[in-house]
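Hi,

Here is the structure I promised to pass on. Have a look at it first, and then read on for what turned up when I went through it.

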Amino acid sequence: MDERAGAEKKTKYITTAELRQHNSPSDLWISIQGKVYDVTQWMKDHPGGDLPLLSLAGQDVTDAFVAYHPPAAWSMLDRFYVAHLSDYQVSEVSREYRRLVADFSKGGLFHRKGHSASASLVLMAVLLATIVYGVVYTQSLAAHAACAVLMGIVWNQSGFLGHDSGHYNVMAQRWPGLNRAMQVLAGNCVTGISIGWWKRNHNVHHIACNSLDYDPDLQHIPLFAVSSKFFKSLTSVYYERRMVFDKFARFFVSYQHWSFYPVMCVARVNLFAQSIALLLSKTHVPNRWQEVLGVAFFWVWYPLLVSCLPNWGERVAFVLISFAVTGIQHVQFTLNHFSTEVYVGPPKGNDWFEKQTMGTLNISCPPWMDWFHGGLQFQVEHHLFPRLPRCNLRLISPLVKELCKKHRLPYSSYSFLEANKRTIATLRTAALQARDLANPVPKNLVWEAVNTHG
């Protein structure tokens with residue numbers, strides 16, 4: 001009895017207000033299930049990067065931790081322990097969310113991966129072989145155009161596979177390191193996009209879903225603005241720069257509901273640039289040499305393949321067609337978030353479930369179309385349970401929908417066509433608001449003809 005009393009006496013307690021004071025890179029504390037941890041030194045080694053920790057610094061992060069970490073990660077926390085949270089509380093929706101995570105874990109859903117990875121690999125191999133044969137061994141213009149379409153499909157499927165491998169181990173557990181090899185193959189080698197860049201970007205997107213100044217997936221000034229709040233020239237925490245809304249940005253945004261699809265057709269160029277910029281920067285990139293070699297491999301094989309075409313006209317057409325087809329995936333990425341609720345400021349750890357449901361949108365489709373959407377059609381479920389393999393997202397959808405209904409939270413789901421309409425409507429609303437500023441860009445006759453009557 002005396003030993004227990006002594007142990008309790010030694011336990012240090014702090015308040016939530018005190019926890020909030022430890023929110024800087026040089027002094028970063030977080031709380032998980034009522035225990036407080038100092039992760040300042042761990043931040044640089046965090047597998048998910050430093051930005052998710054910085055985004056939630058000085059807060060209770062239990063829901064985010066539960067969402068992103070397997071049970072084995074809990075054993076690592078004790079070495080960072082510093083205190084208990086004296087005023088720790090759990091909302092009813094968080095309690096039920098954590099219960100769902102536990103139930104899915106007990107049911108083996110996080111380990112039941114299906115055959116999506118194997119099927120994607122086989123499909124990609126067959127398509128790549130077909131593309132090489134069609135480009136090198138045929139002289140048909142139609143065959144070359146068809147190969148360009150197939151190239152876009154390969155990139156789309158590779159993108160889905162790279163996305164999955166960044167969230168969970170898509171390969172057999174008995175082969176350590178194979179998932180990393182899959183990431184570099186699917187991302188860097190096949191698509192030319194650094195998986196290191198994607199993980200850094202995507203993890204922040206999940207943590208700060210639809211925060212205009214924290215979520216990089218919404219920060220597309222000067223080309224796009226999903227909200228008039230961007231007109232105040234917000235500062236991007238991710239890019240560490242001010243997103244200036246000047247006369248050039250205002251001009252482009254004023255036409256964004258028309259430029260959206262054309263820009264998506266060449267959006268891959270931005271991903272190439274972002275990948276190279278990160279790899280050449282001083283930012284810490286785990287296994288940088290693997291990332292660089294993978295991207296370099298892409299820039300050898302793809303230009304070499306294009307050079308095998310008979311003339312420059314076909315080469316340019318091949319590149320543009322392949323980019324345009326993979327642009328479908330870029331559209332898919334935006335449909336899930338552009339037309340949903342946005343906010344300004346850092347994310348909060350104590351409203352995880354609420355923010356994820358308010359900032360995401362599902363695409364309703366029959367099961368036979370799941371290959372086309374690659375799991376992104378269940379965006380609400382994916383954001384709540386990012387470690388869950390895509391083959392199980394449809395299975396848990398009714399449970400998530402029921403929980404949202406119980407707590408009066410949105411569960412948005414629309415057809416692919418309707419989601420496109422909503423996205424364009426969001427862009428158009430912001431475009432017209434940009435034109436209504438104090439010094440509007442002069443309207444031309446084409447704009448007047450198209451927009452006067454809506």
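Before anything else, keep in mind that this is a predicted model. You'll find Asn210 in the loop between α9 and β6. Its backbone is worth a glance too, as phi of Asn210 is near 70 degrees, which is a positive value in a residue other than glycine.

Is Ser233 buried or exposed? With 11% relative accessibility, Ser233 counts as buried, because the cut-off for buried is under 20%. Then there is Pro222, again in the loop between α9 and β6 (235–236). The peptide bond leading from Ile221 to Pro222 is cis, with omega near 15 degrees.

Now for the record. UniProt has an unreviewed entry that gives "domain: Cytochrome b5 heme-binding" for residues 11–86. In the model, that span is 24% helix and 25% strand, and its end C-alpha atoms lie 11 Å apart.

On to the aromatic rings. How many aromatic pairs does the structure hold? There are 28. Take Trp42 and Phe80 as one of them: the ring centres are 5.9 Å apart and the planes are at 40 degrees, so this pair is tilted. The pair links distant parts of the chain, with the two residues 38 residues apart. Trp42 is in the loop between β4 (35–38) and α3 (50–55), while Phe80 is in the loop between α4 (62–68) and β5 (81–85). Both Trp42 and Phe80 are buried.

What does Val190 touch, not counting residues up to four places away in sequence? The list is Met124, Val154, Trp155, Ser158, Leu185, Phe298 and Trp301. If you want a sense of scale, Val190 and His257 are 67 residues apart in sequence and 31 Å apart in space, C-alpha to C-alpha.

Ser55 is in helix α3 and counts as buried at 8% relative accessibility. Leaving aside its neighbours within four places in sequence, Ser55 is in contact with Ile207, Tyr214, Pro346 and Pro347. Tyr68 belongs to helix α4 and, at 18% relative accessibility, counts as buried as well. Not counting residues up to four places away in sequence, Tyr68 touches His167, Asn203, His206, Ile207, Trp352, Pro386 and Arg387. So Ile207 turns up as a contact of Ser55 and of Tyr68, because contact means heavy atoms within 4.5 Å. For a distance across the model, Tyr68 and Glu18 are 50 residues apart in sequence and 26 Å apart in space, C-alpha to C-alpha.

Last, a helix pair. Two packed helices are described by the angle between their axes and the distance between the axes. The axes of α9 (residues 195–207) and α12 (residues 268–280) come within 9 Å and cross at roughly 100 degrees. That makes α9 roughly perpendicular to α12. Which residues make the contact? From α9 there are Gly196, Trp197 and Arg200, and from α12 there are Leu271, Gln274, Ser275 and Leu278. By class, this contact of α9 with α12 has three nonpolar, three polar and one charged residues.

That's the tour. Happy browsing!

Key: Residues numbered from 1 in each chain as written. Predicted model: local features only at pLDDT ≥ 70, side-chain atom pairs only at ≥ 80, totals over all residues. Heavy atoms only, no water. Axes fitted to C-alpha atoms, helices over the stretch in contact; angles between N-to-C directions. Helix = DSSP H or I, 4+ residues; strand = E, 2+ residues; numbered from the N terminus. Parallel < 35°, antiparallel > 145°, perpendicular 65-115°, else oblique. Nonpolar A, V, L, I, M, F, W, Y, C, P; charged D, E, K, R; others polar. Phe/Tyr/Trp six-rings, centres within 6.5 Å; stacked < 30°, edge-to-face > 60°. Buried < 20%, exposed > 50% of the residue type's maximum accessible area, 1.4 Å probe, protein only. UniProt positions renumbered as here; feature names shortened; annotations may be inferred.
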